[in-house]
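Please keep the structure open and check each point against it.

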Amino acid sequence: MANERGLIVSTSPHIRGPEDIPRVMWTVAGTLVPAGLVGVYVFGYYCLFVILLCVASAVATEALCQRLRGQPITVNDGSAVITGILLAYVLPPSVPWYIPVVGAAFAIAIVKHTFGGLGNNIWNPALAARAFLQVAYPASINSDWRSLKEAGILYNITGVDAVTRATPLFKEAGMETYSYANLLFGNVPGCVGETSVIALLLGGLYLIYRGYVDWRVPVSYIGTVFVLAMVLPAKIEAPWANDPVYHILAGGLMLGAFFMATDMVTSPLTKKGLLIFGIGCGVLTTLIRFYAAYPEGVCYSILLMNTATPLIDRYTQPKLLGAGKAKK
Amino acid sequence: MKELTLQEELTKGFWHQNPLFVAVLGNCPALAVTTTITNGLAMGAAVIMVMMCSNIIISLIRKQVPKEVRIPCYIVVIAAFVTIVELLMKAYLPPEINESLGIFIPLIVVNCIIMYRAEVFASQYSVLRSAIDGIGMGMGFTVALVIISAIREAAGCGTILGIRISETYQPASIMIMAPGAFLVLGLLLAFFNYRKLSRGEKV
């Protein structure tokens, strides 16, 4: 099988080195597992169904698109699997079954394959699909959340009626806040795979150690949010408004900073560009959290910076040796 | 060019030379008013009416109009018929349709499909052929509008002609907003080009 895969000539601008796409992709997929396990443990077994449904739909759509486009079918390389996992991790734990299916199909068919397939997409497919679903099914994504207290690994949360808020970052006054310990472990409301900081850090640090992820993006992203959360005047009435530790532990920041902003296809190529990218994501995330209508800004900030990636690449392109302006 | 029979003049606009899917003209109304099938049908009917009448008049005056001022002349003719159609629609159609079509009925004056047919067809062919061409192209445009609006209404409102498809279906409201229009039109264009490519034709 390995030899057979080696013969497939597909566009792969994002790996330069001895590693090949399947190995990188499956490693990334593996590092995402702990966060999913915590999600299933905290929100119940229905989450496992959501994750599997996302992955299955993403892989099926990928195979269908490649078949229609007359390309070799490369679903074994794991990139569609990662898109599916990431999409499931940014969905509410109790979404109706068709939302993961529609979202995964949109992510692969529209965001990835209409732009040319693996390596050519402008936006992170999972995040673009999440943004699409947020506009398409606002009721299910924004408000239809189940109470955490009624959930648990053995509960089927779709049957529970209690409704809670979407994220510990909810802006309205009088909402419960969560201890750092709970935020670290993941025992807080949120999307399927974004709650557990420890599990995400484990996976993210391993990716940095292996060199699949450049440290500059997560460090500059989280650092920018930390600093801005401390210094910006918050317009929100919550006890944690200017608590930088709460800001980096709560919400989707860890998942976004380690697994989504670092997407090799949609982030800049140069080291300086990666720093600019991370800082831009951090600024936008904090601005959205403080001054916009949505409680969480990670998704849109990364999508906006994805849009700016070609521009960043263009301005941070290193000068060729000897090709600069001649000195007079 | 081979002379087409009258029947071919009528049907060429449906698929083979469809003004929206093949020539990609008239995108503005195609994107803006196709939120429900009723709107699409009303828009299509207005375009058929205007295009048929203006093609007849332009074909009648094609030998008198000097070449240098032909475009202003066409616009005056088209604008006259658009005004007639607009007043007729205000008089006889339910107010909801007029409200949702709004500015897009007066904007038929600058609809590029009508200008295109006036310029390439009505100014060169006989009155009968021009009238048939206007009807055929207008019907092709209507077919395209109905296809787009049926997809958008079904996906975005969960209804077909105002009747609910299913009680359990949760409509994806993005489909009746602007991004949904671009998505549907883009995918349909891709579908038609894909079919052409797979038959070995040039896109």
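1. Chain A, overall. The secondary structure of chain A comes to 15 helices and two strands. This is a predicted model, so every value here is computed from predicted coordinates. Chain A has 328 residues, and 48% of them are buried. Look at its contacts with a sequence separation of 6 or more: 72% join residues 24 or more positions apart.

2. A helix pair in chain A. Find helix H11, residues 216-231, and helix H14, residues 271-291, both in chain A. Their axes come within 7 Å and cross at roughly 35°. The crossing of H11(A) and H14(A) is right-handed.

3. Who meets whom in that pair. H11(A) brings residues including A:Val217, A:Tyr221, A:Val225 and A:Leu228. H14(A) brings residues including A:Leu274, A:Phe277, A:Gly278 and A:Val283. By class, the contact between H11(A) and H14(A) holds twelve nonpolar, six polar and two charged residues. A:Arg216 in H11(A) and A:Lys271 in H14(A) are among the residues that meet. An α-helix has 3.6 residues a turn, so residues three or four places apart point the same way.

4. Where the chains touch. How many residues does the contact take from chain B and from chain A? It takes four from chain B and six from chain A. The side of chain B that touches chain A has two nonpolar and two polar residues, and no charged ones.

5. Chain B, overall. Chain B has eight helices and two strands. Along the sequence, the order is α-α-α-α-α-α-α-β-β-α. Of its 203 residues, 35% are buried. Among contacts in chain B with a separation of 6 or more, 76% link residues 24 or more positions apart.

6. The size of chain B. Its C-alpha trace spans about 60 × 50 × 25 Å along the principal axes. What radius of gyration would a compact globule of 203 residues have? It would be near 17 Å; chain B has 18 Å, which agrees.

7. Helix H3 of chain B. This helix covers residues 37-60, which is 24 residues. From first C-alpha to last it reaches 35 Å, close to the 34 Å expected at 1.5 Å a residue. Of the 24 residues in H3(B), 17 are buried, so the helix is largely enclosed by the rest of the structure.

8. B:Leu101, buried or exposed? B:Leu101 has 23 other C-beta atoms within 10 Å; the cut-off for buried is 20 or more. B:Leu101 is therefore buried. Leaving out residues up to four places away in sequence, B:Leu101 touches B:Val33, B:Asn39, B:Ala42 and B:Met43. B:Gly134 is 33 residues from B:Leu101 in sequence, and their C-alpha atoms are 22 Å apart.

9. A backbone angle to check. Most residues other than glycine have a negative phi. B:Val24 is not a glycine, yet its phi is positive, about 50°. Where is B:Val24 found? It sits in the loop between helix H1 (6-11) and helix H2 (27-32) of chain B. B:Val24 has 14 other C-beta atoms within 10 Å, so it counts as partly exposed.

Definitions and conventions:
Residues are numbered from 1 along each chain as its sequence is written. Chains are lettered from A and ligands numbered from 1 in the order in which they are written. This is a predicted model: local features need pLDDT of at least 70, side-chain atom pairs count only at pLDDT 80 or more; totals for chains, interfaces and linings use all residues. Axes are lines fitted to C-alpha atoms, for helices over the stretch in contact, and angles run from 0 to 180 degrees between N-to-C directions. Helices (H or I, at least four residues) and strands (E, at least two) are DSSP runs, numbered from the N terminus. A crossing is left-handed if the near helix is turned anticlockwise from the far one by less than a right angle, and right-handed if clockwise. Two residues are in contact if their C-beta atoms, placed from the backbone, lie within 7 Å. Ala, Val, Leu, Ile, Met, Phe, Trp, Tyr, Cys and Pro count as nonpolar, Asp, Glu, Lys and Arg as charged, and the others, Gly among them, as polar. The expected span of a helix is 1.5 Å times one less than its number of residues. A residue is buried if 20 or more other C-beta atoms lie within 10 Å of its own, exposed if 12 or fewer, and partly exposed in between; C-beta atoms are placed from the backbone. The radius of gyration is taken over C-alpha atoms; the globule rule is 2.2 Å times the number of residues to the power 0.38.
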